[in-house]
Amino acid sequence: AARFEGAHVRTPSGIRGAIKGQAKSADAKPGCVRCTFEDKLLLSDLVILKAWVKLDVPKFCNPIDTLLESGGGGAPFVPSEGGGVGTALA
């Protein structure tokens, strides 16, 4: 939660606010934060934080070369107009 200090938050009803810091009470769980808002919140208000987090996406390549063979064994079938009988794409 420390890296989001100063981030802007808002409610769907349009009340804007900001994250001030970590909650320091004895029963605060990790990730609990203190926020200030322009107006008083209701118990039913949702608080939304829009944040971008950088992710490392692993590079993965799985080529399927059996579909490229000219044996017709891997050719997909497409149903034709008449009778639902499939014809091979070649």
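Student: Where is Gly-31 placed?

Tutor: Start with the strands. Helices (H or I, at least four residues) and strands (E, at least two) are DSSP runs, numbered from the N terminus. Gly-31 sits in the loop between β2 and β3.

Student: What should I know about the model itself?

Tutor: This is a predicted model: local features need pLDDT of at least 70, side-chain atom pairs count only at pLDDT 80 or more, and totals for chains, interfaces and linings use all residues. Residues are numbered from 1 along each chain as its sequence is written, and side-chain values use heavy atoms, with hydrogens and water left out.

Student: Is Gly-31 buried or exposed?

Tutor: Take the cut-offs first. Buried means under 20% relative accessible area, exposed means over 50%, and partly exposed is in between (1.4 Å probe, protein chains only). Gly-31 counts as exposed because its relative accessibility is 54%.

Student: How many helices and strands does the chain have?

Tutor: There are 0 helices and 6 strands. Along the sequence, the pattern reads β-β-β-β-β-β.

Student: In what order do the strands of the open sheet stand?

Tutor: Look at the pairing. Two strands pair if DSSP finds at least two bridges between them. Here an open sheet of 4 strands runs β3-β2-β1-β4, with antiparallel pairing.

Student: How do β1 and β2 pair?

Tutor: Strand β1 (residues 8-10) and strand β2 (residues 16-22) are antiparallel, over 3 bridges. His-8 has Ala-18 in β2 as its bridge partner. Val-9 stands opposite Gly-17 in β2.

Student: What lies between those two strands?

Tutor: β1 and β2 form a hairpin, with 5 residues between them. In the turn, Gly-14 has a positive phi of about 100°. Thr-11 is also in the loop between β1 and β2. Thr-11 counts as buried, because its relative accessibility is 0%.

Student: Which side chain does Thr-11 contact?

Tutor: A polar contact is a pair of N or O atoms within 3.5 Å; within protein, one must be able to donate a hydrogen and the other to accept it, and residues adjacent in sequence count only if both atoms are side-chain atoms. The side chains of Thr-11 and Ser-13 are joined by a polar contact of 3.0 Å.

Student: How many bridges link β2 and β3?

Tutor: β2 and β3 pair over 5 bridges, in the antiparallel sense. One example is Gly-21, whose bridge partner in β3 is Arg-34.

Student: Is Ile-19 buried or exposed?

Tutor: Ile-19 is in strand β2. Ile-19 is buried, with a relative accessible area of 6%. Ile-19 and Phe-4 are 15 residues apart in sequence, yet their C-alpha atoms are 7.0 Å apart in space. For the whole chain of 90 residues, 9% count as buried.

Student: How many salt bridges does a search find?

Tutor: Side chains of opposite charge can pair when their charged atoms come close. A salt bridge is a side-chain nitrogen of Lys or Arg within 4 Å of a carboxyl oxygen of Asp or Glu. The search of the whole structure finds 1 salt bridge. Arg-16 forms a salt bridge with Glu-38, and the closest N and O atoms are 2.9 Å apart. Arg-16 lies in strand β2 and Glu-38 in the loop between β3 and β4, so the pair ties together parts 22 residues apart in sequence. Arg-16 is exposed at 52% relative accessible area, and Glu-38 is exposed at 55% relative accessibility.

Student: How many disulfides does the structure hold?

Tutor: A disulfide is a pair of cysteine sulfur atoms within 2.5 Å. The structure holds 0 disulfides. Cys-32 counts as partly exposed at 33% relative accessibility. Cys-35 counts as partly exposed at 30% relative accessibility.
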